[in-house]
Amino acid sequence: MQESGRRSNRDRSETTRAALIAAGRKLFVDRGYAETGTPELVAEAGVTRGALYHHFADKRALFRAVVEAESAAVAHEIEGAARPGLSPLKAFSKGGAAFLEAMQVPGRTQLLLIDAAAVLGRDELDAIDARHGGRTLREGLAAAMQVGALPALPLAPTAQLLSAAYDRAALAIAGGADAGEWRKLIDTVITGLAAAA
């Protein structure tokens, strides 16, 4: 009986945390970080201020959790597209297309590529990215280099360069640019790299 009570408390705690993250995402996207206050956050989540501070030290900590969740969702989409059985180069291309598609979720580009750097700072954002999208990019590059599909370039700088290209594409697409053109352009760059292998 006590064990199920503990599980129930854990479930309630996870539900409250998830509600706060969902409320934070909605309000940070709709109103921006600076214009979102803790009273609005707890009202949107349907919880008390005490519940907010039980799970997060402050609004910035909640924002960080939102960014972490969004980054994990993007990585999940990339990993789903780069299925086992594809050649490393094809998996890399599919993963890149999945990133651009995942970034088209309303508010995601603004949240991850603009607001997160301003609120969290570049170092903290880079650490989050290293666990999620940046990790998938490095893994994809490493796999393609290992089989000779891409030249054996320095992994970290190559990943940073391509990450910047994908991020710029996502920003352009969010601004109304043609997604197909950007995907084709990035694929042309990757094909050019592959030709040098």
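A pocket is taken here as an open set of grid points, over the protein atoms alone, with protein on both sides within 12 Å along at least five of seven lines. In this predicted model, the largest pocket holds about 890 Å³ of space. Its lining comprises 41 residues, of which Asp129, Gly133, Gly134, Leu137 and Ser163 are the closest to the pocket centre. Two or more lining residues come from each of helix 4, helix 5, helix 6, helix 7 (122-131), helix 8 and helix 9. The greatest contribution is that of helix 8, with eight residues. Classified by residue type, the lining has 22 nonpolar, 11 polar and eight charged residues.

Helix 5, one of the elements that line the largest pocket, spans residues 88-102. Its 15 residues reach 20 Å from the first C-alpha to the last, close to the 21 Å expected at 1.5 Å a residue. Ala91, Phe92, Gly95, Gly96, Ala98, Phe99, Leu100 and Ala102 are buried in this helix. The buried residues of helix 5 pack against helix 4 (59-81), helix 6 (108-120), helix 8 (133-146), helix 9 (155-174) and helix 10 (179-195).

A further buried position is found in a loop. Thr36 is located between helix 1 (2-31) and helix 2 (38-45), and counts as buried because its relative accessibility is 1%, where the cut-off is under 20%. A polar atom of the Thr36 side chain lies 2.7 Å from the backbone oxygen of Gly32. Leaving aside residues up to four places away in sequence, Thr36 touches Leu27, Phe28, Arg31, Leu41 and Lys59.

Note on methods: Residues are numbered from 1 along each chain as its sequence is written. This is a predicted model: local features need pLDDT of at least 70, side-chain atom pairs count only at pLDDT 80 or more; totals for chains, interfaces and linings use all residues. Side-chain values use heavy atoms; hydrogens and water are left out. Helices (H or I, at least four residues) and strands (E, at least two) are DSSP runs, numbered from the N terminus. The expected span of a helix is 1.5 Å times one less than its number of residues. Buried means under 20% relative accessible area, exposed over 50%, partly exposed in between (1.4 Å probe, protein chains only). Contact means heavy atoms within 4.5 Å. On a 1 Å grid over the protein atoms alone, a cavity is a set of points where a 1.4 Å probe fits but cannot get out, and a pocket is an open set with protein on both sides within 12 Å along at least five of seven lines; lining residues have an atom within 4 Å of a point. Grid points are joined across faces, edges and corners, and a volume is the space filled by probe spheres set on the points. Ala, Val, Leu, Ile, Met, Phe, Trp, Tyr, Cys and Pro count as nonpolar, Asp, Glu, Lys and Arg as charged, and the others, Gly among them, as polar. A polar contact is a pair of N or O atoms within 3.5 Å; within protein, one must be able to donate a hydrogen and the other to accept it, and residues adjacent in sequence count only if both atoms are side-chain atoms.
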